[in-house]
Amino acid sequence: KSNKFFFKMMQLFGFALIFLSFVTVGHSLKNGLITQVLVLLHLIGVSFWIGSFIPFSYLCNLDNFKELKIIANRFSKYAIGYVFLLITAGIVYSIILLGNISSLFFTAYGNILCFKIIIVSCLLLIGALNKFFLVPKLKSEYENSIKKLKKSILVEKIFSLLILSFTTILTTSVNLP
């Protein structure tokens, strides 16, 4: 038991260091503690969403679909909270970084951020479709729904990679307005 506890503590320490690295350099320092907290909240939301892809992909390949139904229902309930946190923190952080709305349309940083927002919106639409249409159908139309869920997860993974790519460009290659 002490080995498991030590391993879990080391994992937690590793996660804390990763999160800390994001809030101690770069854009997150622009307005001090407020932007650092916003980045941290945004990252927590992102990690929950992206972190769900592997377990859901695994569950979609199991014969025991009861577990998938239970977890998908529970996940969709929690998703409302962390997606709200993710989006709210992202919007407020973007407003602070941009300074004004015209920077969104007339700067390189703002233009790239617009592309990111469009892809995030598409990802949110897919999540909403999953929550309100696909997950409820897991109860009655399992075979068809599981195929659609697998495709949906794949599309979400691709969109997430695009979002992370735009984020990389924003944080490393483009100057703030």
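Mentor: A pocket is an open set of grid points, with protein on both sides within 12 Å along at least five of seven lines, where a 1.4 Å probe fits. Please keep in mind that this model is predicted.

Trainee: What volume does the second largest pocket have?

Mentor: Rolling a probe the size of a water molecule over the atoms shows where empty space is left. In this structure, the second largest pocket has a volume of about 370 Å³, and among the 21 residues that line this pocket, Phe-75, Ala-79, Gly-127, Asn-130 and Lys-131 lie nearest its centre. Helix H3 (53–60), H4, H6 and H7 each give two or more residues to that lining, which by class has 15 nonpolar, four polar and two charged residues.

Trainee: Which residues are the closest to the centre of the largest pocket?

Mentor: The largest pocket holds about 1,400 Å³ of space, and of its 44 lining residues the closest to the centre are His-42, Leu-43, Val-46, Lys-116 and Thr-167. Helix H4 (65–98) gives the most to this lining, with nine residues, and the lining as a whole has 28 nonpolar, 15 polar and one charged residues.

Trainee: At what angle do H2 and H4 pack?

Mentor: Two packed helices are described by the angle between their axes and the distance between the axes. Here H2 and H4 pack at an angle of about 145°, their axes being 8 Å apart, and their crossing is left-handed. The contact includes His-42 and Val-46 of H2 as well as Phe-75 of H4, and by class this contact has 16 nonpolar, four polar and no charged residues.

How values were computed:
Residues are numbered from 1 along each chain as its sequence is written. This is a predicted model: local features need pLDDT of at least 70, side-chain atom pairs count only at pLDDT 80 or more; totals for chains, interfaces and linings use all residues. Side-chain values use heavy atoms; hydrogens and water are left out. On a 1 Å grid over the protein atoms alone, a cavity is a set of points where a 1.4 Å probe fits but cannot get out, and a pocket is an open set with protein on both sides within 12 Å along at least five of seven lines; lining residues have an atom within 4 Å of a point. Grid points are joined across faces, edges and corners, and a volume is the space filled by probe spheres set on the points. Helices (H or I, at least four residues) and strands (E, at least two) are DSSP runs, numbered from the N terminus. Ala, Val, Leu, Ile, Met, Phe, Trp, Tyr, Cys and Pro count as nonpolar, Asp, Glu, Lys and Arg as charged, and the others, Gly among them, as polar. Axes are lines fitted to C-alpha atoms, for helices over the stretch in contact, and angles run from 0 to 180 degrees between N-to-C directions. A crossing is left-handed if the near helix is turned anticlockwise from the far one by less than a right angle, and right-handed if clockwise. Contact means heavy atoms within 4.5 Å.
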